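Work through these exercises with the model open. Try each task before you read its solution.

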Amino acid sequence: MERTPPHPEVSQFDLQQVLEALVDPVRRSVVTRLVAAGEDIACGGFDMPVSKSTATHHFKVLREAGLIRQYYVGTSRMNALRRAEMDQAFPGLLDALTTSRAAAR
């Protein structure tokens, strides 16, 4: 049984799906944290104000939109921002998101 969940190819990315994933503040915080960290983060490494099952849902929405890639290291499910692929499909989108978040602070 494969532990790594399926991920869309760049050609399957859909702008509407990406924007719908990013409209939620919890999911946006995951993406901005990954951008700021510059490294992969385990699911448990995020401080999320939601239950574990809701957090799992948020990670699934981000993965299915193509924003993150999930994989296992031991028993930890890691999350990697698919920055290069997003920049290829939608140039400037993640920059605009992180720039607007930084300006809002």
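**Exercise 1.** What is the mean pLDDT of the protein, and what share of its residues reach 70 or more?

*Solution.* This is a predicted model, where local features need pLDDT of at least 70, side-chain atom pairs count only at pLDDT 80 or more, and totals for chains, interfaces and linings use all residues. Residues are numbered from 1 along each chain as its sequence is written, and side-chain values use heavy atoms, with hydrogens and water left out. pLDDT is the predictor's confidence in each residue, from 0 to 100. The mean is 92. The share of residues at 70 or more is 92%.

**Exercise 2.** Find the elements with the lowest and the highest mean pLDDT.

*Solution.* Elements are DSSP runs, numbered from the N terminus: helices (H or I, at least four residues) and strands (E, at least two). Helix 5 (residues 93–104) has the lowest mean, 75. Strand 1 (residues 41–42) has the highest, 98.

**Exercise 3.** Check the span of helix 2 (residues 25–37).

*Solution.* Start with the rule: the expected span is 1.5 Å times one less than the number of residues. Helix 2 has 13 residues, so the span should be 18 Å. Its end C-alpha atoms are 18 Å apart, which agrees.

**Exercise 4.** Which residues of helix 2 are buried? Then inspect both ends of helix 2.

*Solution.* Buried means under 20% relative accessible area, found with a 1.4 Å probe on protein chains only. V26, R27, V30, V31, T32 and L34 qualify. At the start, a side-chain oxygen of D24 comes within 2.8 Å of the backbone nitrogen of V26. Just after the helix, G38 has a positive phi of about 70 degrees.

Terms used:
Buried < 20%, exposed > 50% of the residue type's maximum accessible area, 1.4 Å probe, protein only. Polar contact = N/O pair within 3.5 Å; in protein donor to acceptor, adjacent residues only side chain to side chain.
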